[in-house]
Amino acid sequence: MKRILSVTVMTAAIWTGVQAEFMIECHDGTVAMLSDASVSATDAGFSIGGYPVENVKKVWHNAMSQTEPGESVVFPSQQVRRVAVFDMNSRNYETEAGEENSRNLYSAQYMAEVAGMPAFTTDNLDEALEKADMILLSSRVKGGRSASFTPEEIDALTDWVSRGGVLVAPSLESTLSEKACALFGITEAKQQKKTHSFINWTDESYPELVYFDEPEEKEVNICNKLIHATEYVVAESGTSLACYEDGTVAVVKNSLGDGLTYTVGVKWRDVIQRPQLNKDDGSHETSNTFVPGADIYSLFLRAIYVAAHPVAAWKYTVPDGYDAVLVPTHDCDSNTAYEEMHFLGDYEHSLGMNGHYFLTVHYYRDKGYLSQFYNETNIGLVKKLMEQGHTIGSHSIGHFPDFSKSEHFPLTVVTEEDYAATADHDETTGITTGGSTWAEIVLSKQILERDLGISVRGFRSGHLCVNKYIPQALVTGEYSFSSCYTAGDVMCGTPFFTRMRNDWSGDLTDVLQMPLHFSDVFSKDKMTEDNWHEKPAVWHKIFEKLRGNYMSSIILIHPNREWKMEAQKMLVEMMDLSKSGLYNFHDYGDFWIGRHNFDFDYVYTPDEGKVIVQASAADIARNPSLGIMIEVSVPVNDITLVDENGNVHPVRITTPAPGKYLLLSH
């Protein structure tokens, strides 16, 4: 089935003035609107809305009117207001590539990207004030001799907020002027030497906290013992939205005229980039758990954006208009896994989906660690799997348990023969000799592509081990995706791009890191033949918590036992497949890369009650599974999708739930 660009529309109350219509698509590509899609008999046969049945490919009902496809609409660009990510590096004498205060800008941009609002980055305050109605500061506001803003600029920001602007800032400094404090609704910012471990969001109902309805979202682990978070004393105009574990205020909302300001007492780098680099203190569970530590701030930002706009549009985070998808992946790292993987392959094929299988390419027998299970027989089994449409990735060559030790695995380029002769793991000492990160990643890919005649795009390391050379090897090997972390470990449920050397100063690569959310590997109460039927409920609970945030789940199941297929089957049967879907690993990664590169604008014309979403024709064509969520608190009776030339694109609009509209582009 052809995939479609989806736009979901949520309304604060159901707008009953919409006009129900129908869309029809013919086999020749013709798309037209219908007022009546009933089937009628004619002398020549049957027709739908006047179209002969034999010419009709599909018909769909629209729950909201739209401009006729093929017409041209003038998009009022002058009305567009975006979110400005304000680059504070030069003002605060910070650099992105250092360590002490680096990656604040990246972290702010990542939050805005995941939140999905139309945004731009600038270090020009006049541009931000002119073109944006919401500004996200990349790093803290300083006072005193090294003040981030002049008194005149504080006045300009205060005036801009008073006229309806929304300003969001991290960790304010204690040296702020009285005017700056008043802007953020505080009387004092205290930078304490003591550390904080948790941010506890208030139980009171605020629109900015709409996503925080799970215990892990209410009490959020900061996971950084080195952090020196800022504590706030709230002014009369301010409101505390969250506190640290000792009761001191961590997040403040301030009403100022027609606008709002928000300040969060942490640096963005410490809650976004730090866990993505896996440099937090590790004081949290990592296996089969829900740890939304980094996701919280993107969700908070999106909720602020939505609450401040009567019509708010953002890039949807689930492909094909589902409320969540499950992405099954399987690590084949033993002879048994190769022999038994057909159970999962057959089951997934019976559902009409393509699973993803990461193969350990152990083509030789080392002295005592692993057998030579990547052989002609098992390669033949893989080819049968591929005939069903399943996709293949690399799971390394040696599956070495000390692969995280960079000194054991340099970027040595070796031949297939030499690696078989030198790479060996001693289980007594726990040390691998002759190892190579290049071979584990690049050579494994070359072998798979040679033997299977495919393009290998994804890599997952054995034991989910990570060393500093992996990003370089992934780039050298021209991989698209990596899946070497659990979401609990990096406290991030959404994909992000790998950074060279997994280091603050490393450049971003174009390799998408796709954390897995749950698996058959349990750190406690391990999954066995006796208790496996208890584990799908654990997975489903995490799946549902992620689904509540419009987030999906990647599952890892080793295909070495038939009962593991039964466990995955039990999980799928727990899902509501009318709303949630099953998705291939490659397709899910392509969705996120496409979403990252997709740019759009929108306007709302209150006189007409019309929303116009604009994206380039090329972006619309390249991203057939991407959606735009539009949340409104005002009447909307028409939603139209146009390209840069004003051409109207055909859309399908459904109502997945009361007050929600799902618009799907042809």
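Modeller: Let's start with an open sheet of 4 strands, in the order 32-33-35-36 with mixed pairing. Strands here are DSSP runs of E with at least two residues, helices are runs of H or I with at least four, and both are numbered from the N terminus. This is a predicted model, where local features need pLDDT of at least 70 and side-chain atom pairs count only at pLDDT 80 or more, while totals for chains, interfaces and linings use all residues. Residues are numbered from 1 along each chain as its sequence is written, and side-chain values use heavy atoms, leaving out hydrogens and water.

Biologist: What makes strand 32 and strand 36 stand at the edges?

Modeller: Strand 32 (600–605) and strand 36 (648–649) each have a single partner strand, so one side of each lacks a neighbour in the sheet.

Biologist: How do you know that strand 33 pairs with strand 35?

Modeller: Two strands pair if DSSP finds at least two bridges between them. Strand 33 (residues 610–615) and strand 35 (residues 638–642) are joined by 5 bridges and run parallel. Valine 613, for instance, stands opposite leucine 641 in strand 35.

Biologist: And what is the order of the open sheet of 3 strands?

Modeller: That order is 3-2-7, with antiparallel pairing. Its edge strands are strand 3 (31–34) and strand 7 (56–62), each pairing on one side only. Strand 2 (residues 21–26) is joined to strand 7 by 6 bridges, and phenylalanine 22 has histidine 61 of strand 7 as its bridge partner.

Biologist: Why is tyrosine 550 called buried?

Modeller: Buried means under 20% relative accessible area, exposed means over 50%, and partly exposed lies in between (1.4 Å probe, protein chains only). Tyrosine 550 has 11% relative accessibility, so it counts as buried. Tyrosine 550 also has a positive phi of about 55° although it is not a glycine.

Biologist: Why is asparagine 278 called partly exposed?

Modeller: Asparagine 278 counts as partly exposed because its relative accessibility is 31%. Asparagine 278 sits in the loop between helix 7 (273–276) and helix 8 (295–308), with a positive phi of about 60° despite not being a glycine. Most residues other than glycine have a negative phi.

Biologist: How many disulfides does the rule give?

Modeller: A disulfide is a pair of cysteine sulfur atoms within 2.5 Å, and the count by this rule is 0.
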